[in-house]
Amino acid sequence: LVGEYAPEDIEHSVEFALADGIVQLVYEAHEPFDRRWLRVVKMRGAGHLAGKHSFRITADGLRVFPRLETIAPEAGAHVAARASSGVPKLDELMGGGLPAADATAVLGPSGCGKTALSLRFIAQGLAEGERCVYASFQENADQLTSKAASFGWDFEGALESGQLLIHHVPHGELDLDTLGAVARRELSDGAVRRVVLDSLAELVVAARETERFPAYARSLVGFIRAGGASVLVTSEMTALGPEAEPIGGLSFLFHNVLLLRYIEIESETRRALSILKMRDSDHEKGVYQFDIDEHGFEVMNKLEGVTGVLGWSALRTRNDNDRPSI
C-alpha cells in the first residue's frame, strides 16, 4: 500500500495497525542541499535497523545508505605492530611509530602541515606495499597527487593500480551515510591498512548534524579499526593561539593526538610539534620544531629552555637568573 500521509496519521489510521511493515519516506530541506531519507517504522517478526537512513534516486533506481551507527562492526584482531609515519624522527619520538590499527588525530591551524604529514603517512604505506584510502573534503585527487609529487612521492601509479583510493567529497555533496557506505565497501575485504580523513572539522561543518556527529564519528573510526587499518584524522583549529577543546569533545575517539602549532620565537614565526597523548604507549614529552621543505615533513631539534610554547608565543629562559624573557 502506497500513500501520502502525515506523521500523525501513523498513530490514528487503521491501515497502519493492520500493516505488517511500515516504511516512511521523507524529503527534507537541508542546506546546502536537500536530502531524502527513510525510516523503517515497523517490520513485524523481523529485526530492522532503527533510525533515519539516507537514500538517493538515480538512473539505476533507489539506493539506500544504512545509518552507520546502527551497524555494529566486527571486532578486529589485535595488531601488535607499529605503522611508520614516514618521518623517522617522529617515529623515534613515538617509540617506533604509531601503533597499528590505532586512531590518531593530527590537530593544527590552517597551513601548518597537517595535509603534508597525512600525505607522507600514505606515501610510506604505499612504499611498504599497503593498500591506502585518502578521504578529502577540500582537495581533489589531482590536487593531492600534484602536492605529493612536489615532495617527490608518486601517487599516480598507485591510483591506476588500485593500491590507492582518493575519495574526494565536494562540500555541497557531503552526506554522512554516503561516506559511511564508502568506508564499509573499501574496508570489507580487510586489505586496506591506512586511512586518512582530511579533515574532521570540515566534516562536522559540512554534515550539519551536530547532535548526531559524536556517535557517527565513533562508529566510523570503529569500522576502520575493525578492518585492521590505521586511521589518521586531521582537524583544523580555528585560531592560531590556544583553544580549550580543539576537537569539540571528541578526543576520546583517538588513541594518539599530535598537536602542530605556529609559535613565535624572537619575532619569527616557526612551527612546533608535540605529542599530547599515546594511549598504552610511552612517547617523548618535549616540544620539537618541524618544517615543511621539498622533501615533505621534517622534525628537527627539541626546543630547549623555552616555556609558554603552547600559548601565543614562546619565552626563552635566560641562563643567568632563570627568568623568562621575550
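This is a predicted model: local features need pLDDT of at least 70, side-chain atom pairs count only at pLDDT 80 or more; totals for chains, interfaces and linings use all residues.
Q: Is Ile-265 buried or exposed?
A: A residue counts as buried when its relative accessible area is under 20%. Ile-265 comes out at 3%, so it is buried.

Q: How far apart are Ile-265 and Val-306, in sequence and in space?
A: Along the chain, 41 residues separate Ile-265 from Val-306. In space, their C-alpha atoms are 9.2 Å apart.

Q: What share of the contacts with a separation of 6 or more is between residues 24 or more positions apart?
A: For the protein, that share is 60%. As for burial, 46% of the 326 residues are buried.

Q: Let's move to the strands. How many helices and strands are there?
A: The protein has nine helices and 18 strands.

Q: How do strands of a sheet pair?
A: The general idea is that they pair through backbone hydrogen bonds, in either a parallel or an antiparallel way. For the antiparallel case here, take β1 (residues 21–28) and β2 (residues 35–43), which are joined by eight bridges. Within that pair, Leu-25 lies opposite Leu-38 of β2. Strand β2 also pairs with β3 (residues 53–58), again antiparallel, over three bridges. There, Leu-38 has His-53 in β3 as its bridge partner.

Q: What is the strand order in the open sheet of nine strands?
A: Reading across, you get β9-β8-β10-β11-β7-β12-β13-β14-β15, and the pairing is mixed. The edges are β9 (164–168) and β15 (296–302); each has a single partner strand, so one side of each has no neighbour in the sheet. On average, neighbouring strands are turned by 25° against each other, ignoring direction.

Q: Which helix packs on this sheet, touching β7 and β8 among others?
A: That is α4 (residues 114–127), and its contacts also include β10, β12 (256–265) and β14 (287–293). The direction of α4 makes about 165° with that of β10.

Q: How are two packed helices described?
A: In general, you give the angle between their axes and the distance between those axes. For α7 (residues 176–187) and α9 (residues 213–226), the angle is about 10° and the axes are 10 Å apart. Angles under 35 degrees count as roughly parallel, and so α7 is roughly parallel to α9.

Q: Which residues meet where α7 and α9 pack?
A: From α7, look for Leu-176, Leu-179, Gly-180, Ala-183, Arg-184 and Leu-187. From α9, the partners are Phe-213, Tyr-216, Leu-220, Phe-223 and Ile-224. Sorted by type, the residues of this contact are nine nonpolar, one polar and one charged.

Q: Where is Asp-175 found, and is it buried or exposed?
A: Asp-175 is in the loop between β9 and α7. Its relative accessible area is 4%, so Asp-175 is buried.

Q: Which backbone nitrogens does the side chain of Asp-175 reach?
A: A polar atom of that side chain lies 3.1 Å from the backbone nitrogen of Asp-177. The side chain of Asp-175 also reaches the backbone nitrogen of Thr-178, at 3.0 Å. Leaving out residues up to four places away in sequence, Asp-175 touches Phe-33, Arg-35, Ser-54 and Arg-56.

Notes: Residues are numbered from 1 along each chain as its sequence is written. Side-chain values use heavy atoms; hydrogens and water are left out. Two strands pair if DSSP finds at least two bridges between them. Helices (H or I, at least four residues) and strands (E, at least two) are DSSP runs, numbered from the N terminus. Axes are lines fitted to C-alpha atoms, for helices over the stretch in contact, and angles run from 0 to 180 degrees between N-to-C directions. Contact means heavy atoms within 4.5 Å. Angles under 35 degrees count as roughly parallel, over 145 as roughly antiparallel, 65 to 115 as roughly perpendicular and the rest as oblique. Ala, Val, Leu, Ile, Met, Phe, Trp, Tyr, Cys and Pro count as nonpolar, Asp, Glu, Lys and Arg as charged, and the others, Gly among them, as polar. Buried means under 20% relative accessible area, exposed over 50%, partly exposed in between (1.4 Å probe, protein chains only). A polar contact is a pair of N or O atoms within 3.5 Å; within protein, one must be able to donate a hydrogen and the other to accept it, and residues adjacent in sequence count only if both atoms are side-chain atoms.
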